[in-house]
Structure formats: C-alpha cells, structure tokens
Amino acid sequence: APAPHPPRTRPAPAPTEPAADEPAASPSPSSPPSPPMTTPRERGLKEAEQIVAQLLELKVEGNAYYSSKDYLKAIAVYSRGVALLPDLDDDDEESLAKLTPELVQQGAVILCNRSAAFMGEKKAVAALADAQLACDYDMTNWKAHWRAGLAFMQLEPRLERSEKAIASFEATLLCTSLPAAERDTVCRALEAAQYRLREGVDSLDTPDCCIS
C-alpha cells in the first residue's frame, strides 16, 4: 500500500511590522465662543449708561449755544438728546431697566434746557410740553416745575393757565432741590401769577432762572 501523505500544514503567517504611530488628526478649527447670554434688564442697564454719557456731552454743547443766545442751535442740540430718551409708556423689562436714576435725572435736565431755549424763541407751547415731560421724568427737579410755570405765564392770560402757573410755582417751592438763593425769585413769580389770576392781566415781567 502506498505510504500516506504527510498532513498538510498551513504556512505560518509572515511576521508583520508593528504599525507606525499614525499622526494625530489635526483638530478642526474651533468656532468662536458664543457671547454670553444677556437678560433684557442687563441690556437696558447697558444702554442707559451709553445714553447718559451722550446726554452729558450734548448738554455741554447745547448750553454753550444757549449762553450765547443762539437758541435755535441750542434747541437742535438738545433735541438730539431728547431723541435718545426712552418712552415712559413702554413697560417691557428692557425699557424699564433703562430708567436708571442717572438717566431719569439727565433726561429731565435736557428737557428743561430745551424748554428754556424754546422760551428764548417765544415758543411757549413747545416750552410747556418739554417742562411737563421733564416733570414726568423727575418730579424732584425744581426747574421742571419752574419752566412749566414760566411757560404758562408766557401764554395768553386765561383763568386755567393762571391757576396752573400758580400750581407749578407752588410745586417748585416744595422741591427740596430748590436752592435757597432762588426761593425769592420763585416767590415773586408766584405773586405775579396770583395777580394775573385776580386781575386777568400781568403786573410785571416774570423772572427767569439760568439753565441746568
């Protein structure tokens, strides 16, 4: 009988070289970090700071024109500041946050100063509107009430206007911010308004005060 064939064996696999370390994949360019989320209140406070800074600059510029009796240019400059003021009727969180004490104070000042410039141009109606809005912004600003009283006195004498002028001057005297040196001036204006109420005519020119 033929001799059996020896069993076939599979060849051992050839030794393999250890795999070289593959270079690390280069990181994909990272996207810029997202800006931190801000709340409506935070946005309102930030904008209030910017508005106040602009109001202070415009006040200085407008006051220079007012002091040189260039009322029209003063009005134009003050108007740029008034345009920055938030609407008091807006009640959303961001708008309310803008009404910081500093903005309220400077808003009333810029309105009072434009009121004075309007009176320099004999525009009593516009002067009155600004003075009344200044009162809405800051009831503690004595010049807001003072300008309102002066504007009523610039208008044609009428019973209700004289009454409102008296009320404005009385409100001026109640303001703790009223300088002691100005009380006599306000008292004389109050007497003039009371005379007009009694007599229906003016007794003398109503005094004025400087701008803020």
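**Entry 1: an arginine and its contacts**

I located Arg 114 in helix α4, residues 101-120; helices here are DSSP runs of H or I with at least four residues, numbered from the N terminus. The model is predicted, so I kept to local features with pLDDT of at least 70 and to side-chain atom pairs at pLDDT 80 or more, while totals for chains, interfaces and linings use all residues. Residues are numbered from 1 along each chain as its sequence is written, and side-chain values use heavy atoms, without hydrogens and water.

Is Arg 114 buried or exposed? I recorded Arg 114 as buried because its relative accessibility is 14% (buried is under 20% relative accessible area, exposed over 50%, partly exposed in between, with a 1.4 Å probe and protein chains only). Leaving out residues up to four places away in sequence, I listed Ile 75, Tyr 78, Ser 79, Val 82 and Asp 130 as touching Arg 114 (contact means heavy atoms within 4.5 Å). With Asp 130, Arg 114 makes a side-chain to side-chain polar contact of 2.6 Å.

**Entry 2: helix α8**

I noted that α8 covers residues 183-199 and has 17 residues. I found Thr 185, Val 186, Ala 189, Leu 190, Ala 192, Ala 193 and Arg 196 buried in α8. They lie on the same side of α8 because their arc around the axis is only 160°, taken from the directions from the helix axis to the C-beta atoms. Exposed on the other side of α8 are Asp 184, Glu 191 and Arg 198. I noted α6 (142-154) and α7 (159-174) among what covers the buried residues of α8.

Key
Helix = DSSP H or I, 4+ residues; strand = E, 2+ residues; numbered from the N terminus. Expected span 1.5 Å × (residues − 1). Polar contact = N/O pair within 3.5 Å; in protein donor to acceptor, adjacent residues only side chain to side chain.
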